[in-house]
Amino acid sequence: KSDIVVSAPGKVILFGEHAVVHGVSAVATSVDLRCFGVLSPRSDSKVALEVPDLNVEAEWDISALPWNLLPVHIDGSRRVADKELDPPLLAAIESLITSNDVANPAIGSQLAFLYLYMVISAKESNAPSGTFTASSNLPIGAGLGSSAAYSTCIASALLLAHNHIDNPALGESFSSSGPGISPGDTDLIDGWAFLSEKVLHGNPSGIDNAVSVRGGAVSFTRSVGGRKGGLETLNGFSSVRLLLTDTHVPRDTKSLVAGVAAKRLAEPALVDSTFDSIQSISDEARGLLGGQSHVGRDRLVHRLSAMITENHQHLVTLGVSHPSLEMIVSATSAEPFNLSTKLTGAGGGGCAVTLIPDDFPDTELDSLLSTLRNMGFTPHLTSLGVPG
Ligand code: PMV
């Protein structure tokens with residue numbers, strides 16, 4: 001048996017963050033900052049996890065895992081747990097690694113790995129031993145879906161190891177949206193990645209893992225007050241270049257979301273008309289990125305740029321920008337760059353996204369990168385809509 005090599009992308013919310021909480025559609029796409037995973041077989045009866053970015057180096061004896069807590073079929077065979085969290089199992093794994101600090105990414109990553117390992121391996125009489133190593137060039141905790149990319153990698157590697165899915169690109173790194181992957185296999189990986197996200201986050205919406213597994217772009221609408229939501233894959237999206245700039249300013253998603261809800265109560269007319277405008281932007285983005293609008297490449301990039309500027313202004317109105325984000329907006333929109341930038345995700349810090357047109361000169365790009373670095377930010381040049 002040889003190594004299994006997998007990778008999965010992070011995501012950016014391109015349009016509709018915050019408004020999405022209140023039932024407006026959001027559009028998110030994959031970015032080619034990725035998590036990489038290698039599952040290497042080993043000949044002892046140990047399972048190990050190594051995540052150098054989080055200082056995780058953990059090893060467990062397979063026979064010491066709490067297998068007895070997994071649900072058992074009448075015929076005595078273990079069954080794969082329903083795609084629901086199993087509280088006693090989770091508690092057992094937690095005590096196994098002697099900490100309850102799930103909010104700590106180092107602990108959360110171990111819990112998610114062990115949980116998936118146990119439930120996916122439960123079908124086999126002999127759970128395979130192995131070492132899973134994960135590394136990532138996604139900034140952690142910056143709203144780019146680093147945990148979903150990690151979850152997608154574990155789910156794919158374990159499902160491949162157990163032959164629940166095939167890698168059509170034999171001997172090569174596995175891509176969950178590569179040629180030859182069946183829709184059923186994509187859904188299977190997504191279901192397990194979502195389960196891992198639940199271990200890591202408690203109550204995720206599922207948009208991050210949906211984008212990480214499928215790649216490309218999706219439109220997501222939350223069900224709010226009787227109105228039905230849904231997830232639509234935007235096929236036919238061709239990649240565009242994006243500059244992602246990390247402000248390194250920590251943000252608190254929960255309080256920013258609460259701030260918008262409070263503003264809506266205080267100024268309902270203003271906030272609701274802002275939400276309506278954001279819905280129009282998301283609708284147009286869905287058409288453009290889903291390939292239904294049949295516009296030329298130049299027009300596509302031009303419209304996306306205009307909508308980025310407009311959506312950012314709406315987020316300023318909602319009160320979720322930050323001086324560091326406004327510095328990036330000013331620097332990128334100034335001469336000679338004339339580029340459009342918006343915050344992405346929760347705002348209040350985190351990351352900004354700047355659309356880079358195809359014909360943007362390399363020399364100007366270099367100068368923009370140094371300008372942003374000199375301001376203390378970290379720009380990452382990336383592509384949108386990359387494979388899952
Ligand atoms: O911080 P992120 O990228 O996970 O995004 C938060 C997005 C919000 O719309 C602000 C909140 C949400 O739950 O959708």
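Predicted model: local features only at pLDDT ≥ 70, side-chain atom pairs only at ≥ 80, totals over all residues.
Residues are numbered from 1 along each chain as its sequence is written.

Let me start with the domains. The protein chain is assigned a domain 1, covering 4–221, and a domain 2, covering 237–383, and such bounds come from an automatic or database domain assignment. Between them, 24 residues of domain 1 are in contact with 28 residues of domain 2, where contact means that the C-beta atoms of two residues, placed from the backbone, lie within 7 Å. On the side of domain 1 that touches domain 2, the elements giving two or more residues are strand E1 (4–15), strand E2 (26–41) and strand E6 (217–221), and E2 provides the largest share, five residues. Here helices (H or I, at least four residues) and strands (E, at least two) are DSSP runs, numbered from the N terminus. That side of domain 1 divides into 15 nonpolar, seven polar and two charged residues, with Ala, Val, Leu, Ile, Met, Phe, Trp, Tyr, Cys and Pro counted as nonpolar, Asp, Glu, Lys and Arg as charged, and the others, Gly among them, as polar.

The residues around the ligand include Ile13, Glu17, His18, Ser205, Thr253 and Gly345, each having its C-beta atom, placed from the backbone, within 6 Å of the ligand. By class, this shell has five nonpolar, five polar and one charged residues.

Now to the helices. Two packed helices are described by the angle between their axes and the distance between the axes. The axes are lines fitted to C-alpha atoms, for helices over the stretch in contact, and angles run from 0 to 180 degrees between N-to-C directions.

Helix H3 (residues 146–161) packs on helix H5 (residues 207–214) at an angle of about 55 degrees, with the axes 9 Å apart, and H3 and H5 are therefore oblique to each other. Angles under 35 degrees count as roughly parallel, over 145 as roughly antiparallel, 65 to 115 as roughly perpendicular and the rest as oblique. Their contact involves three nonpolar, four polar and one charged residues.

The axes of H3 and H4 come within 8 Å and cross at roughly 130 degrees, which makes H3 oblique to H4. Among the H3 residues that meet H4 are Ser147, Ile154 and Leu159, and this contact has nine nonpolar, six polar and one charged residues.

Helix H2 (residues 105–121) and helix H4 (residues 183–201) have axes that come within 9 Å and cross at roughly 140 degrees, so H2 and H4 are also oblique to each other. The contact of H2 with H4 has nine nonpolar, two polar and no charged residues.

Finally, two backbone details. Most residues other than glycine have a negative phi, and most peptide bonds are trans. The peptide bond from Glu335 to Pro336 is cis, with omega near 0 degrees, and Pro336 sits in the loop between helix H9 (323–333) and strand E9 (341–344). His248 has a positive phi, near 65 degrees, and belongs to the loop between strand E8 (241–246) and helix H6 (253–266).
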